[in-house]
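Please have the sequence and the model at hand.

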Amino acid sequence: QVRLTESGGGAVQAGGSLRLECAASGYADREYCMAWFRQSPGKERAKVAAKSSKGRIEYSGAVEGRATVSLDSAKTTLTLQLNNLKSEDTAVYYCALSRNHCYSSPEMYVYWGQGTQVTVSS
């Protein structure tokens with residue numbers, strides 16, 4: 001089975017930074033997209049950032065300018081550096097993997113991590 005393991009979540013103060021990592025194991029194909037989604041209470045799950053094996057990078061408007069995503073293809077590991085954290089960033093962050101494109105809809109991702117809580121305090 002394909003397994004996505006997330007790390008780096010936790011509690012931080014507003015204005016601080018964090019780095020989330022997602023390591024995928026068991027995925028043999030070289031073509032894929034890995035993405036970070038987040039979901040806060042009462043809101044829909046939304047894509048935060050993504051990068052494909054072909055090099056395409058996407059950021060949501062909510063984190064543009066504060067986020068940097070990188071993909072280590074050799075390790076199949078996606079890293080999200082998020083700076084200047086805001087209270088609105090509080091959410092459960094999920095790592096996801098699709099077999100090809102960086103789809104915007106979470107329904108298009110076939111593999112998911114367990115999720116990691118990020119809590120930003122004012």
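Seven aromatic pairs are present in the structure. The model is predicted. A pair of aromatic rings is described by two things: the distance of the centres and the angle of the planes.

Take F37 and W112. Their ring centres are 5.1 Å apart. Their planes meet at 55 degrees, so this pair is tilted. To count as edge-to-face, the angle would have to be over 60 degrees. The pair links distant parts of the chain. F37 belongs to strand 4 (residues 33-39), W112 to strand 10 (residues 111-112). The two residues are 75 residues apart.

How accessible are the two partners? F37 is buried, at 0% relative accessibility.

Now Y103 and Y109. Their ring centres lie 6.4 Å apart and their planes stand at 90 degrees, so this pair is edge-to-face. Y103 is partly exposed, at 27% relative accessibility. Y109 is buried, with a relative accessible area of 4%.

Ring pairs join F37, Y94, Y103, Y109 and W112 in it.

The charged end of R45 sits over the ring of Y94, 4.0 Å from the ring centre. R45 also lies over the face of W112, with 4.9 Å to that ring centre. W112 therefore has F37 as a ring partner and R45 over its face.

**Overall fold**

What does the secondary structure consist of? The protein has eleven strands and zero helices. Along the sequence, the pattern reads β-β-β-β-β-β-β-β-β-β-β.

The radius of gyration is 13 Å. A compact globule of 122 residues would have a value near 14 Å, so the two agree. Along the principal axes, the C-alpha atoms fill a box of roughly 40 × 25 × 25 Å.

Of the 122 residues, 42% are buried. The accessible surface comes to about 6600 Å². Carbon and sulfur atoms account for 44% of that surface.

Most residues other than glycine have a negative phi. Which values do T76 and N84 take? Phi of T76 is near 50 degrees, a positive value. Phi of N84 is likewise positive, near 50 degrees.

Both residues lie in loops. T76 is in the loop between strand 7 (67-72) and strand 8 (77-82). N84 is in the loop between strand 8 and strand 9 (91-98). Buried or partly exposed? T76 is buried, at 13% relative accessibility. N84 is partly exposed, with a relative accessible area of 40%.

**Accessibility at a glance**

| Residue | Relative accessibility | Class |
|---|---|---|
| F37 | 0% | buried |
| Y109 | 4% | buried |
| T76 | 13% | buried |
| Y103 | 27% | partly exposed |
| N84 | 40% | partly exposed |

Technical notes. Residues numbered from 1 in each chain as written. Predicted model: local features only at pLDDT ≥ 70, side-chain atom pairs only at ≥ 80, totals over all residues. Heavy atoms only, no water. Phe/Tyr/Trp six-rings, centres within 6.5 Å; stacked < 30°, edge-to-face > 60°. Helix = DSSP H or I, 4+ residues; strand = E, 2+ residues; numbered from the N terminus. Buried < 20%, exposed > 50% of the residue type's maximum accessible area, 1.4 Å probe, protein only. Lys NZ or Arg CZ within 6 Å of the ring centre and 35° of its normal. Rg over C-alpha atoms; globule rule 2.2 N^0.38 Å. Areas by Shrake-Rupley, 256 points an atom, 1.4 Å probe, with all protein chains shown as cover.
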